[in-house]
Amino acid sequence: MPKWTLSDEDLEVAVALSADGEPTLEVRRGGRVVVRPSRLGLRAAHEDLSTGLAFDGLSSRQVTETYDTVTGKRREHRYTAREWTLSFTKGAHRLDLEVRIGGHGVAYRYVVPWTGPVTVIDEISEYVVPGEARAVLLPYENGRCDYEEIHRHGQVADAEPILYGYPSLFQIGETWLFVTESNLDSGYAGTRLRFDGHAFRLDLPDPYVTAASPLVTPWRTMIIGELDTIVASDLVTSLAAPSAVADTSWIRPGAAAWSWWSDGPSTRDLEAQKRWVDFAAEHGWPYVLADAGWNKEWMPELIAYAAARNVGVWLWSHWQHVDTELEHREKLALWKEWGAVGVKIDFTESDGQDRMRWFDSILAATARLKLMVVFHGGTIPRGTERTWPQFMTAEAVKGAEWIKPKPGKLPLYPPAHYLSLAFTRNVQGPMDFTPCTFTAVRTISAGFELALSVIFESGVQHFADSIESYRARPEALRLLSGVPTAWDDTRLLSGDPADHILLARRSGDEWYVGAGVSGEARTLTVPLDFLDAGEWAAEIYRDAPDDGILAETATVSAGGKLDLAVSPNGGFTLHLRRQTS
């Protein structure tokens with residue numbers, strides 16, 4: 001059986017071709033199997049390119065890229081990888097398999113040349129993960145393109161035979177495996193994973209997808225390593241297409257006040273929106289979001305009122321209200337003329353190829369008009385923030401919207417839900433969870449809730465609790481008045497998707513650490529070896545009695561450590577600044 005071994009550092013990929021011409025791929029780390037031999041290939045309308053293949057050649061090249069993003073866990077990126085192209089033929093037809101190893105991961109994709117448009121009716125790609133592996137999986141509701149579920153923790157062998165949404169996280173011994181896809185556009189559809197009791201196989205949302213020749217699939221992406229490698233990875237953006245926007249000076253990450261969550265009717269009230277503008281201006285938040293219900297009769301007045309206070313206004317829209325070129329010209333252009341800075345577009349609700357065409361269209365239109373954009377009620381980003389830097393964030397998460405306070409409503413989220421997201425969905429890309437809603441129906445402490453402002457990354461971080469709630473916690477408001485929403489570095493200090501997290505992020509010369517635990521009270525030790533030499537002033541925000549926040553200060557030294565007691569399901573936040581004489 002022909003076999004090709006591709007390797008870089010501690011990762012090794014073995015591509016094999018069976019006697020029947022069926023290709024498979026195996027992945028090892030440090031000699032240990034992470035992904036067992038898994039089928040490759042696809043079935044096109046013009047030929048079945050998953051069997052009967054013959055090897056036709058191998059080439060390789062080095063990939064080295066540096067690029068910047070406006071948002072994310074870091075803004076300066078360097079990606080180096082080795083890429084191999086294995087060519088296979090079946091009669092007059094060809095399938096190229098491109099494999100990359102680098103950036104602490106493995107990725108592959110297919111290229112299918114033909115004489116006309118290529119129609120894919122099935123993709124055979126799969127991941128065979130050892131049954132004893134630990135799994136953190138997101139059940140996926142096919143009819144709703146639903147990433148708004150709670151992760152399930154268990155072993156692969158015990159997983160239900162259902163659809164799971166990206167990303168999926170596995171632990172095989174000491175190695176963690178993060179499975180997803182990158183660089184999706186209108187040339188394909190967003191896939192999911194269907195578990196059949198043996199393998200996690202790619203599942204297309206459409207009966208078929210069609211693209212011009214040569215068809216190029218998204219990258220089937222695996223981040224592999226220790227858990228800190230997973231959390232810090234930027235492989236999803238590194239595999240995405242380069243930026244389509246040359247001038248990004250008009251794109252500014254930042255916090256936004258959002259009144260809908262705490263007071264739904266306020267979106268229809270000009271004076272109420274002005275109060276939120278005033279509150280945002282008072283606390284240094286550069287934006288407000290006017291959600292569903294805003295009125296075109298008074299919106300220009302609100303935008304002018306906000307601009308006078310250095311606050312930009314985002315406008316909500318249903319995706320079907322901006323789904324044609326005419327609506328782009330008549331609505332998006334008009335909103336830009338009013339002075340809106342961005343649009344939140346809701347209910348996109350599909351992973352299908354037709355919706356991907358819409359995404360390409362709306363992203364091109366907002367870039368042309370210099371409008372930032374947020375997507376809700378739909379799919380995950382797949383490196384979008386690199387290709388379209390005006391894309392700030394997406395929902396695709398069971399966030400605070402589901403735990404608005406209602407009489408008699410029971411808590412919905414186990415504390416591990418917040419931890420799971422930090423190791424899965426937010427690794428994938430920016431996530432609009434809308435944290436720091438202290439009046440939510442929640443199981444975590446106020447200190448853990450406040451720490452989500454650091455633990456969760458989103459180019460626009462919507463703070464959605466009421467003005468009164470924030471003013472009742474002045475210590476929390478002090479932190480939220482300055483916490484960044486885009487970062488220069490991200491490091492996992494310690495953690496586990498079901499137990500706890502200690503996450504450090506840097507913005508300029510300042511560091512923030514967010515911490516949270518699931519379960520019993522304990523002491524967390526913060527290692528300070530990520531700090532530059534010298535002494536640092538630490539502001540500590542931790543749990544206080546009666547669901548409050550206590551703010552303290554301390555002086556710490558680089559290379560030292562800080563032991564902090566944490567309440568049950570509690571957390572804390574550190575803000576670290578270098579001491580000056």
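User: Hi! Is arginine 478 buried, exposed or partly exposed?
Analyst: Arginine 478 counts as partly exposed, at 45% relative accessibility. Keep in mind that this is a predicted model.

User: Which residue does arginine 478 form a salt bridge with?
Analyst: Its partner is glutamate 539, and the closest N and O atoms of the two are 3.6 Å apart.

User: What about accessibility for aspartate 10 and arginine 29?
Analyst: Aspartate 10 is partly exposed, with a relative accessible area of 37%. Arginine 29 is buried, at 17%.

User: Which aspartate pairs with lysine 344?
Analyst: That's aspartate 291; the closest N and O atoms of the salt bridge are 2.9 Å apart. Lysine 344 is in strand E25 (residues 342–346), and aspartate 291 is in the loop between strand E23 (287–290) and helix H4 (299–307). The two are 53 residues apart, and the pair links distant parts of the chain. Lysine 344 counts as buried at 3% relative accessibility, and aspartate 291 counts as buried at 4%.

User: Nice. Which residues are linked in a network of salt bridges?
Analyst: Salt bridges link Glu123, Glu181, Arg220, Asp351 and Arg382 in a network.

User: Switching to voids. How many cavities of 30 Å³ or more does the structure hold?
Analyst: There are 3 cavities of 30 Å³ or more. The largest cavity has a volume of about 120 Å³. It is lined by 16 residues, and the closest to its centre are Gly72, Lys73, Thr237, Glu385 and Gly429.

User: Which elements give two or more residues to the lining of the largest cavity?
Analyst: Helix H2 (235–238) and helix H9 (425–428) do.

User: How does the lining of the largest cavity divide into nonpolar, polar and charged?
Analyst: The lining of the largest cavity has 3 nonpolar, 8 polar and 5 charged residues.

User: And what lines the second largest cavity?
Analyst: The second largest cavity holds about 80 Å³ of space. Its lining includes Lys73, Val231, Asn426, Ile455, Glu457 and Arg505. The elements giving two or more residues to this lining are H9 and strand E30 (500–507), with E30 giving the most, 3 residues. By class, the lining of the second largest cavity divides into 6 nonpolar, 2 polar and 3 charged residues.

User: OK, aromatics now. How many aromatic pairs does a search of the whole structure find?
Analyst: The search finds 30 aromatic pairs. In one of them, the rings of tryptophan 319 and tryptophan 358 have their centres 5.6 Å apart and their planes at 75°, so this pair is edge-to-face. Tryptophan 319 lies in the loop between strand E24 (312–318) and helix H5 (325–338), and tryptophan 358 lies in helix H6 (residues 353–369), 39 residues apart. Both tryptophan 319 and tryptophan 358 are buried.

User: Why is the pair of tryptophan 358 and phenylalanine 359 edge-to-face?
Analyst: The cut-off for edge-to-face is planes over 60 degrees apart. The planes of tryptophan 358 and phenylalanine 359 are at 65°, with the ring centres 5.0 Å apart, so the pair is edge-to-face. Phenylalanine 359 is buried, and so is tryptophan 358.

User: Which rings are linked into a cluster?
Analyst: Ring pairs join Trp276, Phe279, Trp285, Phe438, Phe463 and Tyr470 into a cluster.

User: Last one: where does the charged end of lysine 398 sit?
Analyst: The charged end of lysine 398 sits over the ring of tryptophan 402, 3.5 Å from the ring's centre. Lysine 404 likewise has its charged end over the ring of tryptophan 260, 4.0 Å from the centre.

How values were computed. Residues are numbered from 1 along each chain as its sequence is written. This is a predicted model: local features need pLDDT of at least 70, side-chain atom pairs count only at pLDDT 80 or more; totals for chains, interfaces and linings use all residues. Side-chain values use heavy atoms; hydrogens and water are left out. Buried means under 20% relative accessible area, exposed over 50%, partly exposed in between (1.4 Å probe, protein chains only). A salt bridge is a side-chain nitrogen of Lys or Arg within 4 Å of a carboxyl oxygen of Asp or Glu. Helices (H or I, at least four residues) and strands (E, at least two) are DSSP runs, numbered from the N terminus. On a 1 Å grid over the protein atoms alone, a cavity is a set of points where a 1.4 Å probe fits but cannot get out, and a pocket is an open set with protein on both sides within 12 Å along at least five of seven lines; lining residues have an atom within 4 Å of a point. Grid points are joined across faces, edges and corners, and a volume is the space filled by probe spheres set on the points. Ala, Val, Leu, Ile, Met, Phe, Trp, Tyr, Cys and Pro count as nonpolar, Asp, Glu, Lys and Arg as charged, and the others, Gly among them, as polar. Rings of Phe, Tyr and Trp (its six-membered ring) pair if their centres lie within 6.5 Å; planes under 30 degrees apart count as stacked, over 60 as edge-to-face and the rest as tilted. A charge sits over a ring if NZ of Lys or CZ of Arg is within 6 Å of the ring centre and within 35 degrees of the ring normal.
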